[in-house]
Amino acid sequence: MKKIIAVLIILALVVTALAVPVSAAWSIVDTTFAVASDLHYELQEEELEWFSEDPIFGYANRRAAMENESRYIVDEFLNQCAENEKIEFILIPGDIANEGRAIKQQHLEIVEKFKKFEQETGKQIYVINGNHDAGKGEKEGETSLEEFREIYYEFGFSEALSTMEGNLSYTADLNEKYRLIAADSCDINRSTGDGMTDDRVEWVVNEAEKAFADGKYPILMMHHNLLDHMPIQGLLSKDFIIRNHISTAEKFANAGIKMVFTGHEHCSDANTYTSSKGNQITDFATTALTMYPLQYRIVEMSDEVINYDIATIDKIEAEKLLTDVKGYTPEHIAEMNKGLNAYAKKFLKNGVEWRLERGFQDEQLGIDKGAFYYDIVRKAVDALNDILNTPYRGEGGVIEQAKAKGIYIPESNYVDGWDVATELVSAHYAGEENYPLMERDVTILLRTMCLILDTELAMITEEELMSAATAITALYGSTPPDDLAKKLELDLGISHGAQCFLLAIATPLLDCFANDDEVADNVGSIKGYARTGSADSFINITQSMEVTLDKIYETLMMIFTFVFRGMDYIKG
């Protein structure tokens, strides 16, 4: 909660720019490959562990990854790659095993599947480590960096042209035209930490220059994201994106790297950065293979254009689960066989709900009962949990409660607030999300928020609210300006200040989260390596400024709309 409030306040005042998209026509393809990230391969448990009362999806874990099913999902992925004659090789940007740092056996099991695939197809798999894969390896059964390299030696390391001491970075020729730069972006000391230090950045730049000198086009692969794949990701999820990512993207783009394949965020998202020299680099974040939407990328390369698409895992040998793991039922198998992707979505929504409800506990929120703002935060969080669990329809339902307060919540098929909230989360993971600000689903969620504020926070004064926000943000090194209340025009007389305040600062975040940028996530095209951008730095900087100003204007208009016309929106 502390972190979210800090982020929301900052977001209301500062907006980052999104890059201009590029489209191109189809061209003659000379290389095709698949990219699958975050396989999170897991050893099967003996019996299902249940977290909720749902008879089918109650075993959904906090990450919403289909762990017991992972081996069969990986099998199907490899089968599809084997059957697709166009695919020449596979890139895997990390988190191959779910608990690979601590359980080496997970690596040993999945690597046997990789070996079998290569032997039967002749297609090469290239890997790099993720934060779940390797560490110091100090305890028995854990995986050190050297052990990771040894286990996956045949999957890129054996062909290494160049390596970097102290980490797992390497380069390898993919074919006569393209060279892979596999960068270890992980911190050996922190599980999710970004390890992309200055020396690793310079190594990537130098290797890109070497590739061009050798007549090769460089393709970069690393686990952590290079560019934002959700609003101000560097603040909201700082361990998921590399440090100094904009300056690093500038260096990589100017070194001639046009594409980087990443994972870690578990979303399907593409974002492009244009350097001051007019060079573009696109970061393709690829969703976790064993988590909704069960997707991987297929990339077709030519000199003029790079086309990308997605493929989905929608079936596995589900019947094996009945004998492999105690707790699965014929009902589970029937649901999976109807369509594994739909099953994975319901699994995701149940897992996300369980995780967030657990996050409402004091120890998860990180709030001290002695803090003066404790009662405010605790009351708001408890109210949020109550409202999200209350059915929308029926006597005493959310719609009825809201109507009594003069708040109109549109009719829908959603069961409760969790249903609509997790729908927006699943859309983010799947990519190409499109929920316009006034669209029904976003409206439902925002007006549900208004009900919480109107019922539970109506007695909190604006001064108390601002004092709490200031104290909480200070814990993260940020302090809202003294005149923030004045800037946001809290005392409007149209509604309680807390309602307008939180609605105004939540709206831009929700809009950015629920609406994609202008770069196609799943199916699209970018310029090939033979096409370059404008060499006029002034033009490139001017274009970037125009995009920035447009985005700032859009955000300010959103804030204006929701502050100065708050009650019109709230009441419908």
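Q: What should I know about the model itself?
A: It is a predicted model, in which local features need pLDDT of at least 70 and side-chain atom pairs count only at pLDDT 80 or more, while totals for chains, interfaces and linings use all residues. Residues are numbered from 1 along each chain as its sequence is written, and side-chain values use heavy atoms, with hydrogens and water left out.

Q: What percentage of the residues is buried?
A: Of the 572 residues, 56% are buried, where buried means under 20% relative accessible area, exposed over 50%, and partly exposed in between (1.4 Å probe, protein chains only).

Q: And how many helices and strands are there?
A: There are 20 helices and 13 strands. These are DSSP runs numbered from the N terminus: helices are H or I with at least four residues, strands E with at least two.

Q: Turning to aromatics, how many pairs does a search of the whole structure find?
A: It finds 21 aromatic pairs. Rings of Phe, Tyr and Trp (its six-membered ring) pair if their centres lie within 6.5 Å; planes under 30 degrees apart count as stacked, over 60 as edge-to-face and the rest as tilted.

Q: Why is the pair of Phe57 and Tyr343 called tilted?
A: The ring centres of Phe57 and Tyr343 are 4.8 Å apart and the planes stand at 55°, so the pair is tilted. Phe57 lies in the loop between strand 1 (31-35) and helix 2 (70-83), and Tyr343 in helix 10 (residues 340-359), 286 residues apart.

Q: Are those two residues buried or exposed?
A: Phe57 is buried at 7% relative accessible area, and Tyr343 is buried at 1%.

Q: What about Tyr59 and Tyr328?
A: Their ring centres are 5.5 Å apart with planes at 75°, so this pair is edge-to-face. Tyr59 is in the loop between strand 1 and helix 2, and Tyr328 in the loop between helix 8 (320-324) and helix 9 (330-338), so the pair ties together parts 269 residues apart in sequence. Both Tyr59 and Tyr328 are buried.

Q: Which residues do ring pairs link into a cluster?
A: The cluster consists of Phe33, Phe89, Tyr126, Phe261, Phe284 and Tyr308.
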